[in-house]
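Subject: Handover of a structure and notes on its contents

Dear colleague,

Please find the structure below for your study. My notes on what was found in it follow directly after.

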Amino acid sequence: MSLIVQKYGGSSVADPERIKAVRDRIKQTVDAGNQVVVVVSAMGKSTDNLIKLANAVTTPSKLENNSADPSDRSEHISADRDALDREMDVLLATGEQVTIALLSMALQSIGQPAIALTGAQVRVVTEPCHTRARILYVETDGVQEYLSQGKVVIIAGFQGVAGDLTTGQPTREITTLGRGGSDTSAVAIAAALNADLCEIYTDVPGILTTDPRIVPNAKLLDEITCDEMLELASLGAKVLHPRAVEIARNFGVKLAVRSSWVDDPGTLVKSPYLGHLSEHQNRMALEVNRFVDGVSVDLDQVKIALLQVPDRPGIAAQLFHSLALQNINVDLIIQAVQDPSDVNDIAFTVPQREFELAELVTRGLELGAKAVIVDSHVAKVSIIGAGMIGRPGVAAQMFTALANAGINIQMISTSEIKVSCVVAAADGDAAVAAIAEAFQVPVMSYLPIDDGDRTADQSPVRGVALDQNRARLAIRQVPDRPGVAAQIFEYLAQQNVSVDMIVQSQSDRDVNEIAFTVPIGDLQKAEASLKQVAETIGGGDVVSDDAIAKVSIVGTGMIKQGGVAARMFNALASSGINIEMIATSEIKVSCVVRQSNAETALRAIHQEFDLAGDQTILVAGKPAS
Ligand SMILES: Nc1ncnc2c1ncn2[C@@H]1O[C@H](COP(=O)(O)OP(=O)(O)O)[C@@H](O)[C@H]1O
Ligand SMILES: N[C@@H](CC(=O)OP(=O)(O)O)C(=O)O
C-alpha cells in the first residue's frame, strides 16, 4: 500500500462540479489500494475576493481598489500593520476551510470515510510570522491515526499555526504561508509523512515549456530536474511554487504535476535525493533547513566591460552572436541601465584562455561604446543551494561577509540556486574563506547541478518564463567601495523584500549604479528603504520603473552548449524589442523588457528554441487561447 499526498489547486475545486470530479479521483486512488492525504486550496478566486473584502472595510474611499496583493494594503491603511496582518491570516485561512469541509462531505456522501482538518488542527507548525510564514514541522501522529482508520485526510493548504519562539510548540495563532502556498503545504506534509508520492493537480496537463495561456501550443515536459524547476518557478512559472520545489529537492519527495481534468501522467519533478532522504535534513525544520550547500570559486575568469553602449535593439545580440561564432564560452553576462538612459553598460566574463580572442572580437565590432575595459584578473565566487531569491537575507549575508573581509564586489549575479560575485583575482581565496566561514559551509570544487542526463541533441532550453509582477529599482552614483552592496541589501532584507536580478554597472571609475528587481507589491516599501540607505551611503538618485517585465530561459543544457544567450538576444532583436537589463547564471538567462512587449518577447524566444509541441494545450479542460 502506498501513501499518496494529492494537492488540488483553486482552479481544480472552483465549483461543486469540480469538487465532485476531485472526489471521484480521490476515490479511484483509494480503491486502487492507496492511503490518501489531500491538500486543497481555496475555491477558484476566493482568496482574491477575501483580500478585496479586507481592502473594502479598511479603506472606504478605495472600494474600487481591486488589488489581489495583500502588501498593497500598506499604502492605504493607517492601523497597525502587524495587527492587520494577524487578522488577514484569520480571514484568508477561511478560504481553504470551506474547501476541506465540502470535499470531505462529498466523499462521505459516496460512502468514503474522510475527515477535514485545518492547518492548526493538524499542527502544521510555522514560524511565528503572519502572511508569509515558513513551515517548521508537521505533526504526523494524528494524520497517521486517521489513515489507519481508513479515512481520507483532507487538509487545508496555505495555512498553519505559529510555533512558540522559544519552545517551538504550537500557539493559538493562525498563520498563512503567502500566495500560492498550498503547493508548499502539500510537499511539506508529504515530506513529514515520508509519503511515496506527492501529486500536484492543476488546470494544465503538467509542466510545459511555457505558459499555455500565452503560447497555446507549448509542449508538455515528461520530467524536469528540481534545479530547473526551482529557477522556472522563481522566474514566474506559477504552476509550482519555488518553496514547494525546494522542500521536494531537500527531502527527496517524489513530485508529479498533473491535470485534474484528464488522466495523463503529467510531469515528474526529479529530486537529486530521490529515494534516499538526506540524513542531514531535519524534518523538524522543513523550510528553515540549511539552504546554502557550499561555496565555490573560479579563478580562471576575465571580465570585459563595454561602457555606455547605445541603448537600442540588437546590440547585445550582435556582440554575443559574434562571440558565439568564435566558440567563446561566455559565462556571466550583465547589462544595466545607465544614466543618461540612452546608454547601457554590458559586462561579461570569459575563461582566461579565451580572453584575447574575446577582446579582439569585442573591440572589432565597433558597437559605439564609450570605452571597452578588460580586467584580466578576476575571480567568480559563488554560493550554491536552493531558495536564494525567496530568502532575502542570503545574498545580503554573502555581501556582508565580503565587506567584512574588505573585498570590493565588481559584478553580482543572483538566481534561485546560486549567487555569484565577481571580485579581484587577488581577493579570490580570501573571499571564498570569508563566505565559507559566514555560512559554515564547505568549499566545493564544482557546481553540483543535476543535468537530468540530458543528451546533446536536446534543446539547451527547457522552459521560458515570464514575470510581469516585478518592478525595477536603481540607485545611481553609488560609491565604489567595499560594504556598499552589503549595506543596501542587508537593509532590504530586514524589510523582508526579496530582491532579484541584481545588476551592478560602473558608470565611471569611482561610482557604480546598482539596479535590481523586486515584487511589484513591495515596490513602495523597497523604494522608501532604498532612499534611506542612499542617504547613509552617500548615493545619488533612486529611480523606479513598474512598467517592466522579465523574460527568462532556463535549462541545464546551457552549461554544455555555447551561444544560447546570443540566440535569445537575437530573437528579441528580430522582434524589434529592446533589452533593458540582462542577468545570467549557469542555467538561466533573464532579460528585462518593456511590459508592453512582454508576451511578444515570450513568444519570440519560445519559437527561437523550437519548443512548441504539435497540439493545443487544454487549460481547465478547454483549449488555451
Ligand atoms: N511552464 C508552465 N507550465 C504550466 N503552467 C504554467 C507554466 N507557466 C505558467 N503556468 C500557469 O500556471 C497555471 C497553474 O497555476 P495556478 O493557477 O497557481 O494553479 P492552481 O489553481 O492549480 O494552484 C496554469 O494555468 C498556467 O497558466
Ligand atoms: N488560496 C491561496 C493558496 C494557493 O496556493 O492557491 P492556488 O493553489 O489556487 O494557487 C492563494 O490563492 O494564494
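A residue counts as buried if 20 or more other C-beta atoms lie within 10 Å of its own, as exposed if there are 12 or fewer, and as partly exposed in between, with C-beta atoms placed from the backbone. The model is a predicted one, in which local features need pLDDT of at least 70, side-chain atom pairs count only at pLDDT 80 or more, and totals for chains, interfaces and linings use all residues. Residues are numbered from 1 along each chain as its sequence is written, while chains are lettered from A and ligands numbered from 1 in the order in which they are written.

The chain as a whole

Of the 625 residues of the chain, 54% count as buried. Along the principal axes, the C-alpha atoms fill a box of roughly 75 × 55 × 50 Å.

The chain has 16 helices and 28 strands. These are DSSP runs, numbered from the N terminus: helices (H or I) have at least four residues and strands (E) at least two.

Two residues are in contact if their C-beta atoms, placed from the backbone, lie within 7 Å. Among contacts between residues at least 6 apart in sequence, 78% join residues at least 24 apart.

The chain is divided into domain 1 (3–43 + 97–202) and domain 2 (292–445 + 460–608), with bounds that come from an automatic or database domain assignment. The C-alpha centres of domain 1 and domain 2 lie 39 Å apart.

The unreviewed UniProt entry places the annotation "domain: ACT" on residues 304–374, 383–451, 473–550 and 553–624. UniProt positions are given in the numbering used here, feature names are shortened, and annotations may be inferred rather than shown by experiment. In the span 553–624, 31% is helix and 25% is strand, and the end C-alpha atoms lie 22 Å apart.

The two ligands

A residue is near a molecule if its C-beta atom, placed from the backbone, lies within 6 Å of it. By this rule, 19 residues surround ligand 1, and the closest are Gly-9, Thr-202, Asp-211, Ala-237 and Val-239. By class, the shell around ligand 1 has 6 nonpolar, 9 polar and 4 charged residues. Here Ala, Val, Leu, Ile, Met, Phe, Trp, Tyr, Cys and Pro count as nonpolar, Asp, Glu, Lys and Arg as charged, and the others, Gly among them, as polar.

The residues around ligand 2 include Gly-9, Ser-41, Thr-47, Phe-158, Arg-179 and Ser-182. The shell of ligand 2 divides into 2 nonpolar, 9 polar and 1 charged.

Phe-158 lies in the loop between strand E6 (152–156) and strand E7 (159–163). Phe-158 is buried because 29 other C-beta atoms lie within 10 Å. Not counting residues up to four places away in sequence, Phe-158 touches Ser-41, Glu-96, Thr-176, Leu-177, Gly-181, Ser-182 and Ser-185.

Residues in helices

Thr-184 lies in helix H6 (residues 182–193), and counts as buried because it has 29 C-beta neighbours inside 10 Å. Beyond its neighbours within four places in sequence, its contacts include Ile-135, Leu-177 and His-241.

Val-22 is placed in helix H1 (residues 16–31). With 23 C-beta neighbours inside 10 Å, Val-22 is also buried. Val-22 and Ala-347 are 325 residues apart in sequence, and their C-alpha atoms are 51 Å apart in space.

Met-501 is not a glycine, yet has a positive phi of about 50 degrees. Met-501 lies in strand E21 (residues 500–506) and is buried, with 27 other C-beta atoms within 10 Å. Ile-502 is found in strand E21 as well. Leaving aside its neighbours within four places in sequence, Ile-502 is in contact with Ile-412, Thr-414, Ile-514 and Phe-516.

Asn-327 is likewise not a glycine and has a positive phi of about 60 degrees. Its place is in the loop between helix H9 (315–325) and strand E14 (333–337). Is Asn-327 buried or exposed? Asn-327 is exposed, because 10 other C-beta atoms lie within 10 Å.
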